[in-house]
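Colleague: Could you take me through one part of this model up close, and then carry on into whatever lies behind it?

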Amino acid sequence: MSFLKRLWGYITTLFKGGAEKMMKPEVEIEQAINEAKKRDQQLRNQAAKVVAHRTQLESKMENAADDVGEAREMAKQAILKAEEAKASGDAAGQEKWTKAAQSIAMKLQASENNLSTLKTQYESASSQADKAKQAVQQNAMRVSELAAKRMELLGSLEAAKMQES
């Protein structure tokens with residue numbers, strides 16, 4: 001069994017070495033650049049999605065804040081109406097407005113909870129958006145570095161070819 005393992009190792013090393021000798025540096029550099037460009041595009045797409053999600057959360061937060069404001073105003077009005085009914089001796093009106101105020105208070109609590117949740121999600125999305133932008137910038141620098149390295153190596157290869165001839 002160990003003989004077969006050694007034989008397989010020998011064969012793979014032989015082919016790997018042969019393949020490495022046949023590889024051209026220009027092609028390897030071009031492949032690395034293409035791979036970096038593909039990665040750059042993937043990162044940009046991912047960053048765009050993260051930023052879009054953050055923007056959606058901003059919009060939802062604005063709507064939730066409006067809901068909270070409306071619910072507060074409605075609760076305030078219901079309480080005032082209940083107090084007016086109490087002052088005028090209208091027990092049925094007082095009970096009606098008190099129940100309305102309680103119902104609106106429950107809606108207010110739900111709206112505030114929703115707003116709080118959205119704020120937490122927004123903070124997380126903002127952090128992710130910043131990280132995504134940073135990753136895009138870092139990868140763009142890597143693509144630029146690879147392109148510069150490519151130009152340098154191609155110049156060196158041309159110089160070496162000229163010396164050979």
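Let's start at Leu4: is it buried or exposed, and what is its relative accessible area?

Modeller: Leu4 is exposed, at a relative accessible area of 53%; the labels run buried under 20%, exposed over 50%, and partly exposed in between, using a 1.4 Å probe and protein chains only. Before going on: this is a predicted model, so local features need pLDDT of at least 70 and side-chain atom pairs count only at pLDDT 80 or more, while totals for chains, interfaces and linings use all residues. Numbering starts from 1 along each chain as its sequence is written, and side-chain values use heavy atoms, leaving out hydrogens and water.

Leu4 sits in helix H1, residues 2–22 (helices are DSSP runs of H or I, at least four residues, numbered from the N terminus). Together with Phe3 and Leu7, Leu4 makes a nonpolar surface patch of about 310 Å². Patch members have over 30% relative accessible area and no salt bridge, and nonpolar side chains are joined within 5 Å; a salt bridge would be a Lys or Arg side-chain nitrogen within 4 Å of an Asp or Glu carboxyl oxygen. The areas are Shrake-Rupley values with a 1.4 Å probe.

Beyond four places in sequence, Ala64 touches Asn114, Leu115 and Leu118, where contact means heavy atoms within 4.5 Å. The C-alpha atoms of Ala64 and Leu115 are 5.4 Å apart, although 51 residues separate the pair along the chain. Val68 reaches Leu115 too, along with Leu108, Ser111 and Glu112, again leaving aside neighbours within four places.

A polar atom of the Asn139 side chain lies 3.3 Å from the backbone oxygen of Ala36. Asn139 also touches Arg39, Asp40 and Leu43, not counting residues up to four places away.

Note on methods. Patch = residues over 30% accessible without salt bridge, like charges linked within 9 Å, V, L, I, M, F, W, Y side chains within 5 Å. Helix = DSSP H or I, 4+ residues; strand = E, 2+ residues; numbered from the N terminus. Polar contact = N/O pair within 3.5 Å; in protein donor to acceptor, adjacent residues only side chain to side chain.
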